[in-house]
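This report describes how parts of one protein chain are arranged. Please look at the sequence and the structure before reading on.

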Amino acid sequence: MRRVLTHRHPVARAVAAAALATVPLATGATPAIADSVELPAVASVLASDDPCAKASTKKAEDATWSRSTLGLGRAWELSQGAGVTVAVVDSGVGTDIPALSGRVTAVGDAGEDCVGHGSFAAGLIAAAPGKGVGVAGVAPGARILAVRGAQPRGGTTAATLAAGIRTAVDKGADVIYVGRVLATGKAELTKAAAYAAEHDALVVAPVGPDFLPRDRNTGQAVEPEPWYWPASAPGVLSVIDYGPDGKRPDSAPALDGADLAAPGDAVVSVGPKGSGHYIGSGSSFAAAHVAGAAALVRARYPEMSAAEVARQLTVAAYPSDTPRVDPYAAVSSLLTDKQGATPKPAAAHVPPAASPQPRHRALIVAGAGGGLLLLVAAGAVVIPRGRARRWRPGDARDRQTVEPSEPTNPTEPAATGSS
């Protein structure tokens, strides 16, 4: 039996298939299971005595959870990635894959894929949907440029990856998917990423490896490095995975700092040849989904630069701890390049000090009016009461007291008697 080197120990395929049935769609419905039969697991690296991957005899007939979660049906109404070339810098891409028929161009010997990892990623990016098949890539209209980014059995070096990125740029790739990352090679891979940015090619890479090597003494997985390349290089869109339940498996490497998250655990895609399917897990497959989404955006908005496409994907992503790529939102909304200016408050206008004269006049008028009002009120009380007591003016009473009742005549003579 072929040994599969993966950090999620070959996912029990029946269990993985069952997990696909439990993932809720964005619309709230439940997708059909990807396949009721076991699918072979894709490898990242093959041991020296392992045979090359063969065509799978199993097919996933129902829609996979990743296809439903990404809402590809709606996104395809606006863009399918036609006219965009996505380079797959990985273990190679088989040229005998019906779902990619006529859309794979290989550089050198990159048309042979012993491991199957590059072919699997290419299917996630651009596999065409077919009748009775639930597997499809994010951008089924895009072209694939196969570039050797790893040795035939999956191992790689910084020089190999850097050369693969530069070759992809020189061959005219619009989007460059890098399926491998390293904890070393910062200088070489940063320069290669800068070369891609200078030529308006968007590089997409996993934030870290799919699995971690094990310590020879303890048998435990080693601690992840704080940085991996080219994911940590400026201008590279780094991606982390999540599974059918929206979480990462407990066995996945603890990785931080990704720009985007995308389906990467228990995902289904094509093998290196034939029309059968494989199942796989890892951040490298999440990055493949994002590379496909980038192809949709570049086809929809050809005037956008690589940096603008990266911004479009991240700003339109579904809000989460790590934003989750949303292909439909990315192709259905156009973000402006201009940022709104912070409004500046108008200068405060301080009127001149008011003259005190109007205030004094007002006080005088108010005082006079108040006094008049008091007089009127007093009169209204006092006058009626005086009338009731028959009050008279003082001079009138005095005249009535001194005037005699009968007048006298001082000139009248006194009476005399006669003898």
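## Basis of the model

This is a predicted model, in which local features need pLDDT of at least 70 and side-chain atom pairs count only at pLDDT 80 or more, while totals for chains, interfaces and linings use all residues. Residues are numbered from 1 along each chain as its sequence is written, and side-chain values use heavy atoms, with hydrogens and water left out.

Helices (H or I, at least four residues) and strands (E, at least two) are DSSP runs, numbered from the N terminus.

## A covered helix

Among the buried residues are H117, F120, L124 and I125.

The buried residues of α4 pack against strands β1, β3, β4, β8 and β9 and against helix α7. Contact here means heavy atoms within 4.5 Å.

## Two helix pairs

Helix α7 (residues 283–300) and helix α8 (residues 306–315) pack at an angle of about 115°, with their axes 10 Å apart. That makes α7 roughly perpendicular to α8 (65 to 115 degrees; under 35 is roughly parallel, over 145 roughly antiparallel and the rest oblique). Axes are lines fitted to C-alpha atoms, for helices over the stretch in contact, and angles run from 0 to 180 degrees between N-to-C directions. In α7, the residues V290, A293, A294, V297 and R298 meet A306, V309, Q312 and L313 of α8. By class, this contact has 7 nonpolar, 1 polar and 1 charged residues.

Helix α5 (residues 158–170) and helix α6 (residues 186–198) have axes that come within 9 Å and cross at roughly 5°. That makes α5 roughly parallel to α6. The residues of α5 that take part include L161, I165 and V169, while those of α6 include L189, A192 and Y195.

## The disulfide

The count comes to 1 disulfide, a term for a pair of cysteine sulfur atoms within 2.5 Å. The bond joins C52 to C114, with an S to S distance of 1.9 Å. C52 lies in the loop between α1 and α2 and C114 in the loop between β2 and α4, so the pair ties together parts that are 62 residues apart in sequence.

Is each cysteine buried or partly exposed? C52 is partly exposed, with a relative accessible area of 39%, whereas C114 is buried, at 12%.

Methods:
Ala, Val, Leu, Ile, Met, Phe, Trp, Tyr, Cys and Pro count as nonpolar, Asp, Glu, Lys and Arg as charged, and the others, Gly among them, as polar. Buried means under 20% relative accessible area, exposed over 50%, partly exposed in between (1.4 Å probe, protein chains only).
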